[in-house]
Amino acid sequence: MALLQTQNLTAHYGDFQALFGVDIELGKAETVAIIGANGAGKTTLMRSIAGVLQNDPRAVSFDNKNIGALAADEIMAQGVAMVPEGRKLFPSLTVEENLLIGTYGRKTDGHWNLKTVYDLFPILAERRHNPGTALSGGQQQMVAIGRALMSNPRVLLCDEISLGLAPVVIKDIYKAIPQIKAAGASMIVVEQDIAQAMAVADRVYCMMEGRVTLSGTPDSLSRDDIHNAYFGANH
Amino acid sequence: MIWVDTIIQGILLGGLYALFAAGLSLVFGIMRLVNLAHGDLIVMGAYLMLVLVTLLGLSPFLAVFIAMPLMFVLGWVLQKFLLNRTLGDDILPPLLVTFGLSIALQNALLEGFSADSQRLPTNALTTASVDVGPITLGVMPLLTFASAVLVIIGLNQLFYRTELGRAFRATSDDATTASLMGIKPANIFATATGIALVIVTIAALYLGLRANFDPNIGPARLIYAFEAVIIGGLGSLWGTLLGGIIIGVAQTVGAAVNPEWQILAGHVAFLVVLLVRPRGLFPRAND
């Protein structure tokens, strides 16, 4: 039984339809990668699951509950946290305050707290009193991941965590993924970097123009399959 | 020495203007909402205390502690069920709705209390004074100024030392991302307006003790508050206190030169600051 599932999920921005009946599943302790070119609908899918875009209640289910029509704060309270595209740190808050805001209004039991997040990303402990937005792009991404972890989510949605970062920094960020998995979170990782996604994922979905065009385990998908699903068969 | 006395009286008067402005500054700082009914809410707070004082026979200094939670609830409900619906990319709906609210409040107060001037009952404290060297200072202006400083300190503590304050700042930065953190922006905004109306109640206490009030004086209080907020820099609480002081000093100095210039001098000071620093003295970096 899937921990999180979308069924015939659609999404619109005004008159523009961005998703066309997307079905994906995430199992317990599983990491799923969503790959696709710009405009494929990956971020819209994440925003729909996280409650930023609302849907039919049955379009998204989590732990056997229909959550498609819940607001973002209610979905967060259920245990689904998101690392948004572009980090989206709060400029008025220091690094530590950005992390603490992840626990707003609740006491969570679990592996993640300030100490364990600082253990995961030691540089953040040194910069704890700096404004979050004064950090480098990679460090900001660490804050964004730590902020989401502070709620001890059961599902972590990571949207384009390597976007705009240098390869060496991306490597550092992805080094943290096994530890996050080991602490018990299931993950959906949205990536344009196919190699990076394949390396961390148990299963992969490829999207194009708002639809899932391919899915499977990284071992079962050939380079040509992915190329066709990513760019279209006639590209 | 008379000029020193004039400037000190102006600084103390600035405390009253800062109290008028602090709630406006808080609401604007968090949700970019300009509440055109702010002055009328101050006047309504004064009438609420007048009712409490008259019905319960309380001192205004006790009545304010009953009025504050009532005004908090009013602010929370007003924001949650009316003003939140006006927030968005378009700045016009909140201006129109709060303008309408201002007119409705003025007319409701006129209907309920008539156009006669009122005043909260005074006692020995309200007319007492202390001598500081050669200068005599009224106890009420001193209390007003001390209250303004305490309100600003309290708001700063709230903003920078509490979980709610972090949520205020995060929601102000980016309400959508704040909701991804489990924050309900609609409730945060309602709480902010509730707190703003608690401050409005404190301002109303000193307004009612220091001067006569009637249902029509709200818009003028709004203008003083607005000028103080803009002089200080939108969203800056200490800037708001300084803005109030600048208007207060300008008014007392203007009045010392010519009594007819009091109000005009405050507005001229506002214009001069706007000419020199169009974004106010302490603008927020991300505004």
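Predicted model: local features only at pLDDT ≥ 70, side-chain atom pairs only at ≥ 80, totals over all residues.
In β10 of chain A, A:Val212 is the bridge partner of A:Met207.

Strand β9 of chain A covers residues 203-208 and runs antiparallel to β10(A), with 5 bridges joining the two. Both belong to an open sheet of 6 strands in chain A, ordered β6-β7-β8-β3-β9-β10, and the pairing in this sheet is mixed. Its edge strands, β6 (80-83) and β10 (211-216) of chain A, each pair on one side only. From one strand to the next, the twist averages 20°.

**Helices on the sheet**

| Helix of chain A | Residues | Strands of chain A touched | Direction relative to a strand |
|---|---|---|---|
| α1 | 42-50 | β3, β6, β7, β8, β9 | about 150° with β7(A) |
| α10 | 223-231 | β3, β9, β10 | about 35° with β9(A) |

The strands that α1(A) touches include β3 (31-36), β7 (155-159) and β8 (186-191) of chain A. How many of the residues of α1(A) are buried? The count is 9 of the 9, so the helix is largely enclosed by the rest of the structure. The buried residues of α1(A) include the charged A:Lys42 and A:Arg47, and among the others are A:Thr43, A:Thr44, A:Leu45, A:Met46, A:Ser48, A:Ile49 and A:Ala50. Just after the helix, A:Gly51 takes a positive phi of about 95°.

**A:Val95**

A:Val95 lies in helix α3 of chain A, which spans residues 95-100. It counts as buried because 29 C-beta neighbours are found inside 10 Å, where the cut-off for burial is 20 or more. Leaving aside residues up to four places away in sequence, A:Val95 touches A:Leu124, A:Arg127, A:Arg128, A:Asn130, A:Gly132, A:Leu135 and A:Val143. A:Gly164 is 69 residues from A:Val95 along the chain, and the C-alpha atoms of the two are separated by 20 Å.

**Chain B**

Chain B has 12 helices and 2 strands. Read from the N terminus, its elements follow the order α-α-α-α-α-β-β-α-α-α-α-α-α-α. The radius of gyration of chain B is 19 Å, close to the 19 Å given by the globule rule for 287 residues, so the chain is as compact as a globular protein of that length. The C-alpha trace of chain B spans about 60 × 50 × 35 Å along its principal axes. Buried residues make up 51% of the 287 in chain B. Of the contacts in chain B between residues at least 6 apart in sequence, 75% join residues at least 24 apart.

**Contact between chains A and B**

Between the two chains, 22 residues of chain A are in contact with 17 residues of chain B. On the side of chain B that touches chain A, α7 (163-173) and α8 (175-180) of chain B each supply at least two residues. Which element gives the largest share of that side of chain B? It is α7(B), with 7 residues. By type, the residues on the side of chain B that touches chain A are 5 nonpolar, 6 polar and 6 charged.

How values were computed
Residues numbered from 1 in each chain as written. Chains lettered and ligands numbered in written order. Helix = DSSP H or I, 4+ residues; strand = E, 2+ residues; numbered from the N terminus. Buried ≥ 20, exposed ≤ 12 C-beta atoms within 10 Å, placed from the backbone. Contact = placed C-beta atoms within 7 Å. Pairing = 2+ DSSP bridges. Axes fitted to C-alpha atoms, helices over the stretch in contact; angles between N-to-C directions. Rg over C-alpha atoms; globule rule 2.2 N^0.38 Å.
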